[in-house]
Every structure is written in C-alpha cells, then in structure tokens.
Amino acid sequence: MLDTFKDSVSRDFGSDGKCEFPTSNDLDDVTTHEKLIDAVSQLLGTPDILLAQSDGWCKAGHSDFGAQQNNDQRFHMDYGNNTFLHPTPWNQPENVAAIAYLADTEITGGGTAVCFREGEDDELYKPPYINMPGIGGHWEFYNDRSHTERYFEEKHPQIAQFRKKIYDREVIPIYKPGDVLLYRYDVWHRGTPVNVGHKRSVINIAWKKRDSFWHLTWNPAWSKWNYYGKVESVLMKLSPKQRALLGIPKPGHEYWNEDNIKWFGARYPGLDIRPYMQALKL
Ligand SMILES: O=C(O)CCC(=O)C(=O)O
Ligand SMILES: [Fe+2]
C-alpha cells in the first residue's frame with residue numbers, strides 16, 4: 001500500500017488530488033470500510049451519513065519550520081475550513097473525522113497530538129471556539145506552532161495563555177499501521193514533526209450527517225472523474241451501504257422505483273441491482 005504514495009510525498013496537508021478518493025487502489029477500501037461506517041454511524045447516532053473527505057498523503061520529515069509549514073503544527077480545530085458555521089453543542093455532533101495510520105509512528109514520528117476534552121466544565125472547550133488562527137478575526141494565518149504562538153503572545157496575551165494550557169495537556173499517542181484516530185471537527189489537535197529521513201503516510205477521512213448540508217465536502221465531487229470506467233468500477237464494487245456514503249440512496253429509499261433502478265443498472269453494466277429491487281419487493 002505504501003507504494004501508493006511514491007509520487008505524492010508532501011510538505012503540506014494532502015496529496016493535491018493524487019490520492020483523493022476515489023483512488024482506485026487499496027486506499028478506497030479503507031475509506032469505505034464498513035467497520036468505519038458502523039463506528040461513525042454509532043458516534044453520530046444515525047445510519048444516514050455521507051463521506052465528506054478522503055485524502056491519502058505522506059508527510060516527509062524535514063527541518064523547515066516556516067510560518068505556513070505543517071511540520072510542527074499549531075493546535076487547532078478542523079471545523080474552520082469545512083463549514084462557515086460554528087460547531088454544534090458537544091452532545092449533538094454532526095461530523096466525525098479520522099486519521100487512518102499506514103505508518104508506525106514509533107519509527108517515523110509525526111503522531112497527531114491531541115488535547116482531550118475533560119468533561120462539561122473543561123475551560124479549554126467552552127464555545128465559541130475562536131482562539132486559533134483563521135477564526136474570530138485572527139486573519140494572520142499561520143500553520144506553524146511557533147509563529148502562531150508568537151503572534152498571540154504579541155497581539156493577544158490572554159489567548160497565548162489559554163493556548164499554553166492546550167500544549168500543557170498535549171498527548172501524542174503512538175500509532176501503528178491500521179490504527180485510526182477518530183476525532184471531531186471541534187477537538188484541539190495538531191500534526192507533529194516527522195523524523196528527518198522518514199515518511200508518515202495516513203489517510204484523512206471525514207463524514208457528516210446526511211441532512212447537515214451546512215457541512216461541506218472537502219474533496220471535489222466524487223463523480224468529477226467519471227467517464228473513464230475507473231471511478232465506475234470503484235462504485236460497482238461497493239456495497240449499497242458503502243455507496244450511500246457517496247449520496248446514492250440506500251435500497252428502500254423513496255428515491256427508488258422500478259424504472260430508475262433499471263436505468264441505474266443500465267448506466268453501469270454488471271452492477272448488481274438486486275438489493276435495490278428486493279427492497280421494492282420486486
Ligand atoms: O498531520 C497530522 O497529524 C494532523 C494534520 C492536521 O491536523 C491538519 O492538517 O489539519
Ligand atoms: Fe487538523
């Protein structure tokens with residue numbers, strides 16, 4: 001699987017399209033894994049979920065700690081560039097994010113650091129969540145930790161003090177290949193430096209509740225690269241439950257009728273339309 005990344009070693013987040021879902025390789029199996037669907041459905045309290053992101057990437061170790069580098073990231077939450085809104089209250093989550101590890105961070109370094117929420121009264125998790133670059137008027141955007149913290153120390157010392165407490169509670173788990181960090185768009189976390197000479201490969205995946213249209217999709221439309229048979233063959237291999245992640249109604253959904261099920265099958269010769277038909281009792 002690691003070969004997948006040979007052309008997409010990166011110094012910043014993501015693969016620039018090279019390993020975004022659908023990749024037509026093993027990464028898709030992780031993205032659409034039914035165990036992940038079940039876990040996310042459980043966390044969000046509904047089986048009606050959509051895929052919102054899937055990007056495999058490989059972070060290389062280096063010693064550039066420039067302002068926009070993700071080498072030693074600032075603590076942040078991810079909601080900022082996934083919606084124009086503020087996250088919902090803690091017990092009504094609408095998103096799940098994940099980092100699926102394909103690397104062993106005991107060797108590579110670069111494990112994602114997390115500051116866990118410690119109960120209802122946690123002073124670091126009192127909305128609104130605005131003490132970070134890019135949110136709440138802090139438009140001097142930095143990705144790097146030391147540039148961010150210098151900015152807050154100089155311009156907003158109280159926020160700098162708040163943020164110091166996040167770093168004081170930082171936990172960096174050791175991640176082994178196959179481990180998945182399931183987190184949220186409103187959890188403090190950050191990327192840490194990969195050891196120089198090493199590479200850390202992961203897939204960032206995210207899901208949203210189907211009806212929460214205010215949560216946007218990170219990737220371009222899943223159908224953007226249709227027409228060449230490659231995406232189509234990914235789609236055909238998926239189960240109806242997996243396809244639903246991409247906005248294809250599940251068997252039994254009111255969208256389906258005998259005609260459009262047949263037309264769906266006609267569009268993808270060989271696609272098994274039986275589950276859709278059976279749900280109509282046809
Ligand atoms: O690379 C990581 O471990 C985390 C990356 C991250 O949190 C981000 O880019 O938003
Ligand atoms: Fe993040």
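How many other C-beta atoms lie within 10 Å of serine 24? The first close-up below gives the answer. Before we zoom in, please keep in mind that this is a predicted model, in which local features need pLDDT of at least 70 and side-chain atom pairs count only at pLDDT 80 or more, while totals for chains, interfaces and linings use all residues. Residues are numbered from 1 along each chain as its sequence is written, and chains are lettered from A and ligands numbered from 1 in the order in which they are written.

**Close-up A. Serine 24 sits in the loop between strand 1 (9-10) and helix 1 (26-31).** Helices (H or I, at least four residues) and strands (E, at least two) are DSSP runs, numbered from the N terminus. Serine 24 has 14 other C-beta atoms within 10 Å, so it counts as partly exposed. On this scale, a residue is buried with 20 or more other C-beta atoms within 10 Å of its own, exposed with 12 or fewer, and partly exposed in between, all C-beta atoms being placed from the backbone. Leaving aside neighbours within four places in sequence, serine 24 is in contact with Lys230 and Val234; a contact here means that the C-beta atoms, placed from the backbone, lie within 7 Å. Leucine 235 is 211 residues away from serine 24 in sequence, yet their C-alpha atoms are 9.7 Å apart in space.

Close-up B. With 13 other C-beta atoms within 10 Å, lysine 230 is partly exposed. From C-alpha to C-alpha, lysine 230 and threonine 23 are 8.8 Å apart, although 207 residues separate them in sequence.

**Close-up C. Here are some backbone angles worth a second look.** Most residues other than glycine have a negative phi, and most peptide bonds are trans. Serine 24 has a positive phi, near 65°. The peptide bond from phenylalanine 21 to proline 22 is cis, with omega near -5°, and proline 22 belongs to the loop between strand 1 and helix 1. The bond from proline 127 to proline 128 is cis too, with omega near 5°; proline 128 lies in the loop between strand 4 (113-115) and helix 4.

**Close-up D. Strand 7 (residues 199-209) pairs with strand 2 (residues 49-60) and strand 3 (residues 95-101).** Two strands pair if DSSP finds at least two bridges between them. Strand 2 runs antiparallel to strand 7, and eleven bridges join them. Among the facing residues, leucine 51 stands opposite tryptophan 207, and lysine 59 has arginine 200 as its bridge partner. Strand 3 is antiparallel to strand 7 as well, with seven bridges, and tyrosine 101 is partnered by valine 202. Ten of the eleven residues of strand 7 are buried, so the rest of the structure largely encloses this strand. Strand 2 has ten of its twelve residues buried, so it too is largely enclosed.

**Close-up E. Helix 4 (residues 145-155) packs against helix 5 (residues 157-168).** Their axes are 5 Å apart and meet at an angle of about 140°, which makes helix 4 oblique to helix 5. Axes are lines fitted to C-alpha atoms, for helices over the stretch in contact, with angles from 0 to 180 degrees between N-to-C directions; under 35 degrees counts as roughly parallel, over 145 as roughly antiparallel, 65 to 115 as roughly perpendicular and the rest as oblique. Glu149, Phe152 and Glu153 of helix 4 meet Pro157, Ile159, Ala160 and Arg163 of helix 5. By class, the residues of this contact are four nonpolar, no polar and three charged. Nonpolar covers Ala, Val, Leu, Ile, Met, Phe, Trp, Tyr, Cys and Pro, charged covers Asp, Glu, Lys and Arg, and the others, Gly among them, count as polar.

Terms used. Contact = placed C-beta atoms within 7 Å.
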